[in-house]
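Here is a colleague's note on the model below. The points follow the strands, then the helices, then the charged pairs.

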Amino acid sequence: MRPVIGVVGASARAAVMSLARFGTTAWAVDLFGDRDLLQLAPTTICPLSVFPFAFPELVRAFPPGPFLYTGGLENHPDVVHQLCLQRKLIGNSPEALLLARDRTRLRQQLDRHQFLSPDELPSGSRCPEQRGWLLKPERSAGGLGIRTAHLGEIAPPGYYFQRLLQGLSRSVVYHEAEGQARIFGITEQLTGTPWLHAKGYHYTGSIGPVEVSPLLEQELLRLGALCVSSLGLCDVFGIDFLLHDEQLWVLEVNPRYTASVEVLELARRESVWSPTCSACGPSEGVIGKAIYYAPKRIVFPSSGSWDAELAKSFDPWCLPRYADIPAGGSVIELGHPVLTLFASAPTQELCRRALQSRARKLDELLQVHLP
């Protein structure tokens, strides 16, 4: 009998569903306590004002057992360490997090193994007097806090400049087993998508799986092996990268369960947690998820087209139309995530159009009047 696994992070619903596909039940602590998550698992909400430092105390209310973490915790190895004093960790250790989030060490490893990455300037540097730089927080998650750099400005403490490259935004998910990093799948990354009302470089969703050339697949396998051998990464982790001038440019290592995992699981009909999961296995079409952001202050309706999702019999392999559904009457401020949309289609472009169509319908339902 598999143990009940705790999921902690900014948003827990996707990982709880992922564990259900593996046949494992869960409890959760996250920022939202959305209605569909409450139907899946006992859940406690961590107030944003004490995120993530309240996690060690909040998880004490749940029965003994292992835990894993999702977005946001990779920037807080001290919190992960405190959780590890209570429970067995499924995922990357605090020590591995420190290595993976040390950008100087990461760039040294990438350079040594002949991987390309955009030029960077550390905190305290002055932005070069030419366009094409980003100001990014050292503790980034989901694209929050990233903006276009102003010419001549100085990077404040906790921030750095990164050269902005144009290209195809992608993410690869790895499953490590017995010291080997296997590619579970690759997705297109959506960021700052206007029709989802996202600002700047916020992560807004994933579409996949994406096919790549055999040469690029080999480079990604080599990159995954480097992360395992040099950074000590294990279990499930991801890497954001860019295809620029037909070359792989490494942007960021995500040493945890990533948001694109559920897209790949639903497309492949296979759990990322399965020890026998195949590398880059076949898919049954393309799946997309898109995070709809509030274009204005919203009081979420008590009922709507998402009610059908909440009334369904639970099936972790069924593709939902909506997920991360707030409670009726919830106040969602401008620029905050509202809920997640899903769609399936034979191609990436058709999947993107289906997601965009659902976003327009949501605009109508929420009476969003846009220019």
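This is a predicted model: local features need pLDDT of at least 70, side-chain atom pairs count only at pLDDT 80 or more; totals for chains, interfaces and linings use all residues.

1. Two strands are said to pair if DSSP finds at least two bridges between them.

2. Strand β12 covers residues 236-244 and strand β13 covers residues 247-254. Seven bridges link β12 with β13, and the sense is antiparallel. The two strands form a hairpin with two residues between them. In this hairpin D245 has a positive phi, near 55 degrees.

3. One of the pairs here sets H175 against its bridge partner V236 in β12. β12 is also mostly covered, with eight of its nine residues buried.

4. A separate item is the open sheet of four strands, in the order β5-β8-β6-β7 with antiparallel pairing. β5 and β7 are its edge strands, each pairing on one side only; β7 spans 147-148. Strands of a sheet pair through backbone hydrogen bonds, in either a parallel or an antiparallel way. Within this sheet, β6 (residues 133-137) and β8 (residues 159-163) are antiparallel partners over five bridges. P137 stands opposite Y159 in β8.

5. How do α1 and α8 pack, and at what angle? Their axes are 10 Å apart and the angle is about 30 degrees. Angles under 35 degrees count as roughly parallel, and α1 and α8 are therefore roughly parallel to each other. Their crossing is left-handed. R13, A14, S18 and R21 of α1 make the contact with V261, E262, E265 and L266 of α8.

6. Is α8 mostly covered or mostly open? Mostly covered: eight of its eight residues are buried. Just after α8, R269 takes a positive phi of about 55 degrees.

7. The α6 and α7 pair packs at an angle of about 130 degrees, with the axes 11 Å apart; α7 is the helix of residues 214-231. The two helices are therefore oblique to each other. α6 passes α7 in a right-handed crossing. On the α6 side the contact is made by R105, L106, Q109 and L110, and on the α7 side by L223, L226, S230 and L231.

8. The search of the whole structure gives 16 salt bridges. One of them joins R13 to E262, whose closest N and O atoms are 2.8 Å apart. R13 is in helix α1 (residues 13-21) and E262 is in helix α8 (residues 261-268), so this pair ties together parts that are 249 residues apart in sequence. Both R13 and E262 are buried. R13 and E262 also belong to the residues by which α1 and α8 make contact.

9. Which parts does the salt bridge of R103 and E120 tie together? The closest N and O atoms of this pair are 2.5 Å apart. R103 lies in helix α6 (residues 103-112) and E120 in strand β5 (residues 120-121), so the bridge connects parts 17 residues apart in sequence. R103 has a relative accessible area of 17% and is buried. E120 is buried as well, at 19%. Buried here means under 20% relative accessible area. Salt bridges that share partners also join R13, E262, K289 and D324 into one network.

10. Are E57 and R60 buried or exposed? Both are exposed. E57 and R60 form a salt bridge with closest N and O atoms 3.3 Å apart. By contrast, R13 and E262 are a buried pair.

Definitions and conventions. Residues are numbered from 1 along each chain as its sequence is written. Side-chain values use heavy atoms; hydrogens and water are left out. A salt bridge is a side-chain nitrogen of Lys or Arg within 4 Å of a carboxyl oxygen of Asp or Glu. Buried means under 20% relative accessible area, exposed over 50%, partly exposed in between (1.4 Å probe, protein chains only). Axes are lines fitted to C-alpha atoms, for helices over the stretch in contact, and angles run from 0 to 180 degrees between N-to-C directions. Angles under 35 degrees count as roughly parallel, over 145 as roughly antiparallel, 65 to 115 as roughly perpendicular and the rest as oblique. A crossing is left-handed if the near helix is turned anticlockwise from the far one by less than a right angle, and right-handed if clockwise. Contact means heavy atoms within 4.5 Å.
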